[in-house]
Amino acid sequence: MKITMAHGSGGKSSAQLMSDIFGKHFKNEILDKMEDAAVLSVNGRIACSTDSFVVTPLVFKGGDIGKLCVCGTVNDLLMMGAIPRYITCGFILEEGLDTELLDSIVGSMARQAREAGVMVVAGDTKVVEGSGGLYINTTGIGEIPDGRDVSSANCQPGDVVILSGNLGDHHACILSDRMAIDNDIESDCAALNDVVESLFRCGSDVRAMRDVTRGGLGTVINEIADSSGCMIELDEDSIPVHADVKGFADILGLDPLYMGNEGKMIAVVPEKDAERALKAMRSTLHGKDAAIIGRVKKGSGAYIKTRLGATRRFDVLYGEGLPRIC
């Protein structure tokens with residue numbers, strides 16, 4: 001069956017879509033009440049994040065738009081030191097979207113939500129004219145435990161920057177699909193609960209965390225340097241990139257520093273905690289390739305020591321690296 005304008009009418013077809021697809025996958029005690037708003041139990045400080053997802057193709061090696069939207073929202077909450085609890089989702093469906101594909105994507109979203117420990121508690125659908133596309137908007141809510149103060153403004157000279165793993169996998173995966181290039185590169189799409197939990201369990205003082213997504217590592221490092229009023233210097237040789245992705249990037253003239261990711265993060269910790277934090281991250285599934293890649297120093301801006309021994313300044317991503325990547 002294909003999505004038609006009737007599925008957005010609010011009538012019988014809409015109700016059938018709700019029960020046959022969304023209700024089936026997202027069933028829980030809060031959503032099942034079908035009230036005008038979800039009533040949630042939240043203690044203390046919360047983190048709240050919203051995002052919209054427009055990836056093309058909708059399904060790719062290592063994930064799909066459903067998995068992507070949960071991981072992206074969960075990771076944004078985790079980066080503030082929050083424990084993710086709830087997600088809402090708004091679906092914009094284009095006429096002609098195959099309901100079997102929609103069912104598969106919603107199922108993927110539900111599985112990832114369970115894995116990440118969050119409940120989908122509210123949602124909405126709208127149907128628009130089009131050619132079978134799908135867009136998802138999410139809002140996430142997480143609880144911040146007492147004593148946690150994670151912010152990009154907290155970085156201090158002497159702190160160490162740790163990257164959780166290889167750069168550029170998601171970017172290379174999506175671009176390979178669009179260019180019909182056959183390779184084994186998969187998206188790194190993942191929720192980073194295990195990595196973040198390992199940092200707090202090991203007792204490291206976590207100054208700042210950021211997930212490295214659309215603008216790439218280069219953009220994130222510049223933003224943190226600006227927020228903290230410090231200089232950050234990276235070591236090019238220490239930045240991990242999988243050989244397949246490096247080869248792909250070299251052929252196309254891409255810089256992994258600005259390639260998009262959907263399952264990578266950086267943590268900034270005091271130097272005294274660096275080795276302990278690195279060991280903790282490497283003990284997890286999604287942080288096994290973690291590496292110390294740089295340091296915070298007095299000054300301003302973002303710099304990188306190149307393989308040739310020179311030091312150059314780098315800026316945020318300029319223009320559009322790859323549209324509709326997430």
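1. A salt bridge is counted where a side-chain nitrogen of Lys or Arg lies within 4 Å of a carboxyl oxygen of Asp or Glu. Over the whole structure, the search returns 17 salt bridges. This is a predicted model, in which local features need pLDDT of at least 70, side-chain atom pairs count only at pLDDT 80 or more, and totals for chains, interfaces and linings use all residues. Residues are numbered from 1 along each chain as its sequence is written, and side-chain values use heavy atoms, with hydrogens and water left out.

2. Arg307 has a salt bridge with Glu236, at 3.2 Å from N to O. Glu236 sits in the loop between β9 (231–235) and α7, and Arg307 in the loop between β12 (301–305) and β13 (311–313), so this pair ties together parts 71 residues apart in sequence. Helices (H or I, at least four residues) and strands (E, at least two) are DSSP runs numbered from the N terminus. Arg307 also forms a salt bridge with Asp237, where the closest N and O atoms are 3.1 Å apart. Asp237 is exposed, with a relative accessible area of 53%; buried means under 20%, exposed over 50%, and partly exposed in between (1.4 Å probe, protein chains only).

3. Two further items concern salt bridges. Lys126 and Asp124 meet through their side chains at 2.7 Å, N to O. Lys126 is partly exposed at 44% relative accessible area, and Asp124 is partly exposed at 39%. Separately, a network of salt bridges links Asp159, Asp205 and Arg207.

4. The search of the whole structure finds 2 aromatic pairs. One of them, Phe22 with Phe91, is tilted, with 4.6 Å centre to centre and 50° between the planes. Phe22 belongs to helix α1 (residues 12–26) and Phe91 to strand β4 (residues 83–94), so the pair joins parts that are 69 residues apart in sequence. Both Phe22 and Phe91 are buried. Ring pairs link Phe22, Phe26 and Phe91 into a cluster. Rings of Phe, Tyr and Trp (its six-membered ring) pair if their centres lie within 6.5 Å; planes under 30 degrees apart are stacked, over 60 edge-to-face, and the rest tilted.

5. Met259 lies in the loop between α7 and β10 (265–269). Met259 is buried, with a relative accessible area of 1%. The C-alpha atoms of Met259 and Leu167 are 7.2 Å apart, although these residues are 92 residues apart along the chain.

6. Ile251 is in helix α7 (residues 243–252) and is exposed, with a relative accessible area of 73%.
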